[in-house]
Amino acid sequence: MKIIFIAWKNCWQKAGATTLTLLLLSFGVGIISMMLLLENQLSDKFNKNIKDIDFVLGAKGSPLQLILANVYHIDAPTGNIKVSEAQKIIKNPTVKEAIPLAYGDNYEGWRIVGTTPRYAEFYEVKLKEGKVFETPFEVTVGSYAAKELGLKLGQTFKSNHGLDKEGEEEEGHDQLFTVVGIYEASGTVIDRLILTPVESIWEVHNHGDHEESSHAGIVSAEEHDAELAHEDDHAHVADTLNNDHAHEDEHMHEDEHAHEEDHEVTAYLLIKRLPMAPMILPQLVKNTNMQLALPAIEINRLNENFGIGMSVVKAVAILIMIISFLSVFISLYNALRERQYELAILRTLGGRRIQLFILILLEGFFMVALGLIIGLVLSRVGITLLSDMAKDSFHDEFNAMIFLPQEYYLVGITLGLGVVASLLPALRAFFMDISKTLSND
Amino acid sequence: MAIIQTTNLQYTFSKGPELIFPSFQAEENSELLILGSSGTGKTTLLHLLAGLRKPTSGEVEVNGVKLSSLSGASLDRFRGKNIGVVFQTSHFVQSLSVLDNILLAPYFSNNKVSKSDAEKMLDRLNILSKKNKKTSTLSVGEQQRVAIARALLNNPSLILADEPTSALDDENAKDVLNLLREQTHALKAALLIVTHDNRLKDEVKQRIELTASNR
């Protein structure tokens, strides 16, 4: 028999009060821990995916939407821009590199992105098996997408229009995409994408009739008209694409119908070469229907808005925790009144003051520690549920099985405050006059 | 040597009467009844004897040790080891079973008493069958037996009982008195009963009467 054992038993003697305390504490701890986990992983994802992208060049619209769609692939694109028009920006000497992104199709709801092999290289994503796509309709699949879709090397599939699975099934294309490679997991956005040469997207959409281009923001309304006009001209213009992915374009010449001038992409991710890029480039997009968005600024803005909500939730959680500490204090203090004889008897049996002090302190500690553990488990359950939701809507997930350094603080502070809450009752037990208590019989 | 000896014990409450107690002593295997109506300081005397309260003047000596020479933790330990106390109404740690409750006595006094010793004690008091029950489920008579078991488990040389029978009916009262006497003899201890219960008067020969005139 140990004091620890008595303290443990005592916790459950007053099950009602203990349960209430546990409930409050575990909710408080759970919410705070969940916020910490969420914040940490969101900012981790955001920062990892921004990497060194200085600008995103895309169609006019909400700059945040442009960033979300093209850097994080979680929103609809703002529209398309013409490759020819983008040249003067991406060829500017202040730009070190421009990576094209072309949307248009999906497979089972997973986005197929037309780009160059540089896209994955830029994120330092390595190949797990197979090779990187080279010719149109070859795809290299992100690890998470491959896992969820069950895609294997050599497998072929037909794409669907738009970015979402829903309602587009019957309008799929006839061209078959072939899986030629699978990337390693990287924790970046590449994990949940299907990458293919830009030409695949162009070919898919040139072969079909043009009504399809109204789907899911592949081509914006104005550009739709422009594209039709070009179709009539049948203007064959020499290859003007001399940017970084030019060597990729060789394959494209096989396609007689390719009109380089008319080709459209959804966005370019730009990496600057010179520090004055932010001064020069915005001038160049003036009077075009393109815009330049700065991921860092847009994400900061998003974080600020997010932050207010998070702060409110945290404040509520802290309030719940304060109430739970009060509850620890009150339940111990009340129990002390009921249990004063019991404690006096322990002294009569030879128990020392310090032992009673420790007993009460331990009871408080057990309640808080238990609440803490339940809270931390609850937050993991919450994150897992949230992760399932994120899986459905963003094809992304959160890791519930990590323990953050901030959570050590949470544990430390909670246990510390638990001790503080039980200190006064424990001191009362310490200074109790046993003779007086027993005389009140 | 006397197990307990008191000399010129006095106690003054800060806002109350001054209590002067007669000096007495008790040997091993002896029984002493301390009688008195309420207000004569019976419980105060018992607390002084147990070292639960310090006298204003005078001395209590148990097994040759002056209680005034001990303080704090060492007094608690000494009490735990040498003195068994039975109170009028028994208080237990509600969350623990009967067996765990009586095992508290050796635990807090650092005495080595095995579980089987504790079970033997419960057996002697006819409550072994209740060992895993919570104390609150027992009858008053059974609770008093558990309290006695707890007081005796450390083999104390002095057994102090504060109104051990006043809450009990005649039959239980007689039982409890007999048990206390039996165990006192078994342990070669001294038994001191503080009571106003007249039923005990005729049972115990040696007695001290506390009266208001002692004040």
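In the predicted model, B:Leu33 has B:Arg207 of strand β10(B) as its bridge partner. This pair belongs to the contact between strand β4 of chain B, residues 31–35, and β10(B), where three bridges join the two strands in the parallel sense. Both strands are part of an open sheet of five strands in chain B, ordered β7-β8-β9-β4-β10 and paired in parallel. The edges of this sheet are formed by β7 (83–86) and β10 (207–209) of chain B; each has a single partner strand, so one side of each is left without a neighbour in the sheet. From one strand to the next, the twist averages 15°.

Helices of chain B also pack against one another. The axes of helix α3(B), residues 98–108, and helix α5(B), residues 140–152, come within 7 Å and cross at roughly 35°. The crossing of these two helices is right-handed. On the α3(B) side, the contact involves B:Val98, B:Asn101, B:Ile102 and B:Ala105, which meet B:Val146, B:Ala149 and B:Arg150 in α5(B). Sorted by class, the residues of this contact are five nonpolar, one polar and one charged.

In the loop between α4 (115–124) and α5 of chain B lies B:Asn126. The phi angle of B:Asn126 is near 65°, a positive value in a residue other than glycine. Most residues other than glycine have a negative phi. B:Asn126 counts as exposed because 12 other C-beta atoms lie within 10 Å, and the cut-off for an exposed residue is 12 or fewer.

Chain A contains 14 helices and 13 strands. Of its 441 residues, 41% count as buried. Among the contacts in chain A between residues at least 6 apart in sequence, 80% join residues at least 24 apart.

Strand β3 of chain A, residues 95–107, is mostly covered, with eleven of its 13 residues buried. β3(A) pairs with β12(A), residues 267–272, in the antiparallel sense through six bridges, and within this pairing A:Pro100 stands opposite A:Tyr268. An antiparallel pairing over four bridges joins β3(A) to strand β4 of chain A, residues 110–115. Here A:Asn106 is placed opposite A:Arg111 of β4(A). The hairpin of β3(A) and β4(A) has two residues between the strands, and in this hairpin A:Glu108 takes a positive phi near 55°. β3(A) also pairs with strand β8 of chain A, residues 160–161, over two bridges in the antiparallel sense. In that pairing A:Asn106 stands opposite A:Asn160.

A:Glu124 is located in the loop between α5 (118–122) and β5 (127–130) of chain A. Its phi is near 60°, again a positive value in a residue other than glycine. A:Glu124 is exposed, because 10 other C-beta atoms lie within 10 Å and a residue with 12 or fewer is classed as exposed. A:Lys152 occupies the loop between α6 (143–149) and β7 (156–158) of chain A. A:Lys152 is exposed as well, with 12 other C-beta atoms within 10 Å.

The contact between the chains takes 22 residues from chain A and 28 residues from chain B. On the side of chain A that touches chain B, α1 (3–13), α11 (340–348) and α14 (434–439) of chain A each supply at least two residues. The largest share, six residues, comes from α11(A). By class, the residues on this side of chain A are nine nonpolar, eight polar and five charged.

The predictor assigns the complex an ipTM of 0.87 and a pTM of 0.73. For chain B the mean pLDDT is 87, and 98% of its residues reach 70 or more. Where pLDDT is low, the predicted coordinates should not be read in detail.

Key: Residues are numbered from 1 along each chain as its sequence is written. Chains are lettered from A and ligands numbered from 1 in the order in which they are written. This is a predicted model: local features need pLDDT of at least 70, side-chain atom pairs count only at pLDDT 80 or more; totals for chains, interfaces and linings use all residues. Axes are lines fitted to C-alpha atoms, for helices over the stretch in contact, and angles run from 0 to 180 degrees between N-to-C directions. A crossing is left-handed if the near helix is turned anticlockwise from the far one by less than a right angle, and right-handed if clockwise. Two residues are in contact if their C-beta atoms, placed from the backbone, lie within 7 Å. Ala, Val, Leu, Ile, Met, Phe, Trp, Tyr, Cys and Pro count as nonpolar, Asp, Glu, Lys and Arg as charged, and the others, Gly among them, as polar. A residue is buried if 20 or more other C-beta atoms lie within 10 Å of its own, exposed if 12 or fewer, and partly exposed in between; C-beta atoms are placed from the backbone. pLDDT is the predictor's confidence in each residue, from 0 to 100. Two strands pair if DSSP finds at least two bridges between them.
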